[in-house]
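Visitor: I'm new to this one. Can you walk me through it?
Guide: Gladly. Here it is.

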Amino acid sequence: AVVSTQSTGTLNCFSIRNKVYEVLGVAIDHELDVACLSETWLRGDESAIVREASELRYSLISVPRPSRGGGVAFLLRKVFHYTEVKHSFSSFECAEILIKHPSCRSTRFLSIYRPPNSPIPLFLDEFETLLVRLAERPGEIIITGDFN
């Protein structure tokens, strides 16, 4: 299927682990193509959540935090083809996917979580670095998240 527009939403989950069906319900009820998630609290073994999302025609693309809390992710309708782009910053967590369309410009979606104890000057420096990188790449850019 060729889809030329995306319906997008953002949600701070404060843990998706115990409310995956509620989060998926929001995506389905609002007919979201892309749900940008922060504070997923996923730790890497999310096979049950991936399976549940898949049953409802969504892919879960997750960048978990190795320790408790945090984590960013996307719920993406399976009709979209995407490329995951890796980032590493010390003051915030960042997930990026690039959705390419044959009929229109590609779109970059970013989901960001800045923990409340993250130093603001460091965050601003690193966020500027991210914005400069994004400006050099093709495609529309949509940035969402919890910046505390």
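Visitor: What does the pLDDT of the protein chain average?
Guide: The protein chain averages 90, and 95% of the residues score at least 70. pLDDT is the predictor's confidence in each residue, from 0 to 100. This is a predicted model: local features need pLDDT of at least 70, side-chain atom pairs count only at pLDDT 80 or more, and totals for chains, interfaces and linings use all residues. Residues are numbered from 1 along each chain as its sequence is written, and side-chain values use heavy atoms, with hydrogens and water left out.

Visitor: Where is confidence lowest, and where highest?
Guide: Lowest is helix α2 (residues 47-55), with a mean of 81. Highest is helix α3 (residues 120-135), at 98. Helices (H or I, at least four residues) and strands (E, at least two) are DSSP runs, numbered from the N terminus.

Visitor: On to the sheet. What's the strand order?
Guide: β1-β2-β4-β3, in an open sheet of 4 strands with mixed pairing. The edge strands are β1 (8-12) and β3 (58-63), each pairing on one side only. Two strands pair if DSSP finds at least two bridges between them.

Visitor: In which sense do β1 and β2 pair?
Guide: Parallel, over 5 bridges, with β2 covering residues 34-38. N12 stands opposite S38 in β2.

Visitor: Which helix packs on the sheet?
Guide: Helix α1 (residues 20-29), touching β1, β2, β3 and β4 (72-77). Contact means heavy atoms within 4.5 Å. In α1, V20, V23, L24, G25 and A27 are buried. Buried means under 20% relative accessible area, exposed over 50%, partly exposed in between (1.4 Å probe, protein chains only).

Visitor: And the largest nonpolar core, which residues touch the most other members?
Guide: I16, L37 and L75, out of 16 residues. α1 gives the most to this core, with 4 residues. A nonpolar core is a set of buried Ala, Val, Leu, Ile, Met, Phe, Trp, Tyr and Cys residues joined through side-chain atoms within 4.5 Å.

Visitor: What does L37 touch?
Guide: Leaving aside neighbours within four places in sequence, its contacts include L11, I16, V23 and L75. There is also a second, separate core of 12 residues, with I61, V72, F74 and F109 among them.

Visitor: Change of topic. How many disulfides?
Guide: The structure holds 0 (a disulfide is a pair of cysteine sulfur atoms within 2.5 Å). For C13, the nearest cysteine sulfur, that of C36, is 11 Å away.

Visitor: Is C13 buried or exposed?
Guide: C13 counts as buried, because its relative accessibility is 3%.

Key
Axes are lines fitted to C-alpha atoms, for helices over the stretch in contact, and angles run from 0 to 180 degrees between N-to-C directions.
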